[in-house]
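Subject: Structure for your review

Dear colleague,

Please find the structure below, together with its sequence.

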Amino acid sequence: MLQLTTTHYLILSAILFSIGLTGILVRRNMITVLMSIELVLNAVNLNFIAFSYELSNLTGQVFAVFTITVAAGEAAVGLGILIALFRLRDTTDLDSARELEG
Amino acid sequence: MAEFLVAHGDALLFYLFGGIAVLGALMVVGLRNPMYGAIALLSCFLAVAALFLLRHAEFVAAVQVFVYGGGIMVLFLFVIMLVNLHRLRERRIFLGQWPIAAVMAVLFVAMLGVAALGQGAPAAAVEPGRLVAVGGEAVGNSQAVAWMLYRDYLLPFEIASLFLLVAMIGAVVLGRRR
């Protein structure tokens, strides 16, 4: 328990991932859904770093940097969509975005 | 006491920052006001950056603080302030299926936990020195990451910059008033 291992990181990462996934699935506010996506990507990064250390290989850290890049782009586009939705519907409730339902 | 802290300090720091991260994540999902959620998310990001430091990823930890704690967080706060929060008073903040989702999340964690705990000992001994070395010479984590990034992963790096350009143009087009 008191010896820090990769298993610690894996379990913490799983917890953060599940919390983020639950947030994506159950929240109605799009801002919170986007924040939950960031939580999920953070959990992935935690795994990358843990295995980078475990395997003494820097590739994991490089890919963590790429993940952060993708997260930044995703946040920018997602928040742009959010602003567009807010202009269109005057709310950030995801239930109001049903144009594509047909 | 001092010996105990020296021997197990990293594990204690892991539990401290891991607890902060989990608490922050729970507050992001559970709090009604997105503004409080964003602040909780910031604490979660910073705790994760500290966890990176514990695993010899100094450069990624710095990037985490700059990009997540700086850039993305400012973006979120701006957007939260742009949309009128007074109109966001929803009757319910969760969809109807939230109990099922919560149960599934707990089961998912249990499954991954069993899988992680079932692993045996690591195949090879950890050599943290290799995370701060270029060609066997100890230089520092940032230099080692840069060496790998610009030599072995140059094409993905350029594609990432192109991706950021596309995302930036997309965000500008989406946010434009027509």
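The model is a predicted one. Chain B contains six helices and two strands. Read from the N terminus, its elements follow the order α-α-α-α-β-β-α-α. The radius of gyration of chain B is 21 Å, well over the 16 Å that the globule rule gives for 178 residues, so chain B is more spread out than a compact globule. The C-alpha trace of chain B spans about 60 × 40 × 30 Å along its principal axes. Of the 178 residues in chain B, 25% are buried. Among the contacts in chain B with a separation of 6 or more, 41% are between residues 24 or more positions apart.

Chain B also carries a domain assignment, which gives domain 1 (1–87) and domain 2 (132–178). The centres of domain 1 and domain 2 of chain B, taken over C-alpha atoms, are separated by 22 Å. Four residues from domain 1 of chain B and four residues from domain 2 of chain B take part in the contact between them. On the domain 1 side of that contact, the residues comprise two nonpolar, one polar and one charged.

I turn now to the interface between the chains. Here, 61 residues of chain A are in contact with 77 residues of chain B. On the chain A side, α1 (6–26), α2 (30–54) and α3 (59–89) each supply at least two residues. The helix that gives the most to this side is α3(A), with 20 residues. By residue class, the side of chain A that touches chain B divides into 36 nonpolar, 19 polar and six charged residues.

The axes of α3(A) and helix α6 (residues 154–175) of chain B come within 8 Å and cross at roughly 10 degrees. Angles under 35 degrees count as roughly parallel, and α3(A) and α6(B) are therefore roughly parallel to each other. From α3(A), the residues making the contact include F66(A), T69(A), G73(A), V77(A) and I81(A). From α6(B), they include P156(B), F163(B), L164(B), M168(B) and L174(B). The residues of this contact of α3(A) with α6(B) divide into 14 nonpolar, five polar and no charged.

With kind regards

Conventions
Residues are numbered from 1 along each chain as its sequence is written. Chains are lettered from A and ligands numbered from 1 in the order in which they are written. This is a predicted model: local features need pLDDT of at least 70, side-chain atom pairs count only at pLDDT 80 or more; totals for chains, interfaces and linings use all residues. Two residues are in contact if their C-beta atoms, placed from the backbone, lie within 7 Å. Helices (H or I, at least four residues) and strands (E, at least two) are DSSP runs, numbered from the N terminus. Ala, Val, Leu, Ile, Met, Phe, Trp, Tyr, Cys and Pro count as nonpolar, Asp, Glu, Lys and Arg as charged, and the others, Gly among them, as polar. Axes are lines fitted to C-alpha atoms, for helices over the stretch in contact, and angles run from 0 to 180 degrees between N-to-C directions. Angles under 35 degrees count as roughly parallel, over 145 as roughly antiparallel, 65 to 115 as roughly perpendicular and the rest as oblique. Domain bounds come from an automatic or database domain assignment. The radius of gyration is taken over C-alpha atoms; the globule rule is 2.2 Å times the number of residues to the power 0.38. A residue is buried if 20 or more other C-beta atoms lie within 10 Å of its own, exposed if 12 or fewer, and partly exposed in between; C-beta atoms are placed from the backbone.
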